[in-house]
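Please read these notes with the structure open beside you. They go point by point, from the overall make-up to single contacts.

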Amino acid sequence: MSGPTPAVAAVRMAVRRELASLPAGAHVLVACSGGPDSLALAAATAFVAPRAGLTAGAAIVDHGWHPASASVASVAAAACELLGLAPVRVLDVAADVVTGQGGPEAAARDARYAALDREADAQGASLVLLGHTLDDQAETVLLGLARGSGARSLAGMPARRGRLVRPLLGLSRSTTRAACADLGLEPHDDPANDDPAYARVRVRRALAELTDALGPALPAALARTAEQLALDAEALEAYAGDLLARARTDAGYDVAMLAAAPDAVRRRALLAAARSAGSPGSALGSRHVLALDGLVVGRPGRGGVHLPGGLVAVRRCGTLSLAAPGEARDEE
């Protein structure tokens with residue numbers, strides 16, 4: 001009896017690695033859109049989980065963006081049930097929810113993850129498996145480059161964050177599509193994936209052109225860059241957290257201690273301080289961090305820095321404080 005094809009084996013092996021640390025009886029949740037990546041992931045999980053003594057369910061998020069979305073979600077749910085995943089639930093995330101900071105793509109992502117988190121709680125899932133591939137990672141790096149982002153954004157999507165897991169980040173999109181074909185699965189091709197109105201679609205096309213020009217190894221090289229930057233970002237953020245803890249005073253943060261730190265560490269610390277004070281991370285940008293940095297390393301007497309969330313940062317008596325406007329005055 002012949003074994004699985006190379007593509008099927010590769011996807012199963014990737015899933016097996018991620019599930020290996022779970023205790024027998026644990027439950028995992030697969031996020032499945034019905035596209036080739038998540039459908040290949042669902043099929044691999046349905047195969048691997050019971051052989052590892054685990055159970056696996058699925059969740060399909062329906063944003064309701066187009067009239068056929070409910071039908072697409074229903075087909076994806078039926079496919080997951082045929083694969084043996086249980087329970088399988090369709091999660092309705094209304095279109096009017098997916099507007100807000102960062103544009104429709106970012107808002108849809110936030111709404112989707114929130115819905116998956118609630119479903120994971122409902123199913124008692126230890127992990128939520130997402131179908132992002134190496135190509136998705138390469139596109140994320142290019143998006144970050146286009147936006148002038150720092151190392152954290154260029155580090156791309158983490159393989160793990162909390163209970164969110166991306167087992168397929170080391171596999172190409174062509175591998176997941178081949179796995180579906182080998183298993184006789186018919187994935188849904190979302191027309192939005194070809195709509196240039198979305199930034200990621202434009203980046204996907206640009207990546208294809210760059211790959212033609214620079215060689216087929218480009219997506220993997222970008223993904224490796226993300227991996228290396230993730231390690232750098234983790235180290236710098238650890239140093240920044242330590243700096244922030246040492247600089248903390250009853251009134252705010254010690255300016256001299258912050259100013260003595262390397263730029264990369266200090267600026268990460270200031271970003272963390274702003275978030276801790278209540279400024280929403282999704283709205284904070286490099287211009288806010290640079291303005292905070294100028295307040296720390298510049299001469300006293302500068303005006304306050306206004307931050308998203310209605311906060312203002314001021315420097316007073318050698319201390320940086322972040323509070324609501326009017327609660328503090330800057331140094332004379």
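1. The protein has 12 helices and 10 strands. Helices (H or I, at least four residues) and strands (E, at least two) are DSSP runs, numbered from the N terminus. The model is a predicted one, in which local features need pLDDT of at least 70 and side-chain atom pairs count only at pLDDT 80 or more, while totals for chains, interfaces and linings use all residues. Residues are numbered from 1 along each chain as its sequence is written, and side-chain values use heavy atoms, with hydrogens and water left out.

2. Along the principal axes, the C-alpha atoms of the protein fill a box of roughly 80 × 45 × 40 Å. Of the 332 residues, 45% count as buried. Buried means under 20% relative accessible area, exposed over 50%, and partly exposed in between, with a 1.4 Å probe and protein chains only. Among contacts between residues at least 6 apart in sequence, 68% join residues at least 24 apart; contact means heavy atoms within 4.5 Å.

3. Two strands pair if DSSP finds at least two bridges between them. Strand 5 and strand 6 (residues 164-165) pair in the antiparallel sense over 2 bridges, and R160 has V165 in strand 6 as its bridge partner.

4. Axes are lines fitted to C-alpha atoms, for helices over the stretch in contact, and angles run from 0 to 180 degrees between N-to-C directions.

5. Is strand 1 mostly covered or mostly uncovered? Strand 1 is mostly covered, with 5 of its 5 residues buried. Strand 1 pairs with strand 2 in the parallel sense over 5 bridges, and L29 stands opposite G57 in strand 2.

6. T45 belongs to helix 2. T45 is buried, with a relative accessible area of 0%. Leaving out residues up to four places away in sequence, T45 touches V15, V28, V30, P50, A56 and L129.

7. Another open sheet has 4 strands in the order 7-10-9-8, with antiparallel pairing. Strand 7 (253-254) and strand 8 (305-307) are the edge strands, each pairing on one side only. Strand 7 pairs with strand 10 (residues 319-323) in the antiparallel sense over 2 bridges; Y253 has L320 in strand 10 as its bridge partner. Helix 12 (residues 286-297) lies across strand 8, strand 9 (311-316) and strand 10, and runs at about 150 degrees to strand 8.

8. Helix 9 (residues 218-247) and helix 11 (residues 263-277) have axes that come within 8 Å and cross at roughly 65 degrees. That makes helix 9 roughly perpendicular to helix 11. Angles under 35 degrees count as roughly parallel, over 145 as roughly antiparallel, 65 to 115 as roughly perpendicular and the rest as oblique. The crossing is right-handed. A crossing is left-handed if the near helix is turned anticlockwise from the far one by less than a right angle, and right-handed if clockwise.

9. In that contact, L236, E237, Y239, A240, L243 and L244 of helix 9 meet A264, V265, R266, R268, A269, A272 and A273 of helix 11. These residues divide into 10 nonpolar, no polar and 3 charged. Ala, Val, Leu, Ile, Met, Phe, Trp, Tyr, Cys and Pro count as nonpolar, Asp, Glu, Lys and Arg as charged, and the others, Gly among them, as polar.

10. Helix 5 (residues 134-146) packs against helix 9 at an angle of about 70 degrees, with axes 8 Å apart. Helix 5 and helix 9 are therefore roughly perpendicular, and their crossing is left-handed. L134, D135, Q137, A138, V141 and L142 of helix 5 make the contact with P219, A220, L222, A223 and A226 of helix 9. By class, this contact has 9 nonpolar, 1 polar and 1 charged residues.
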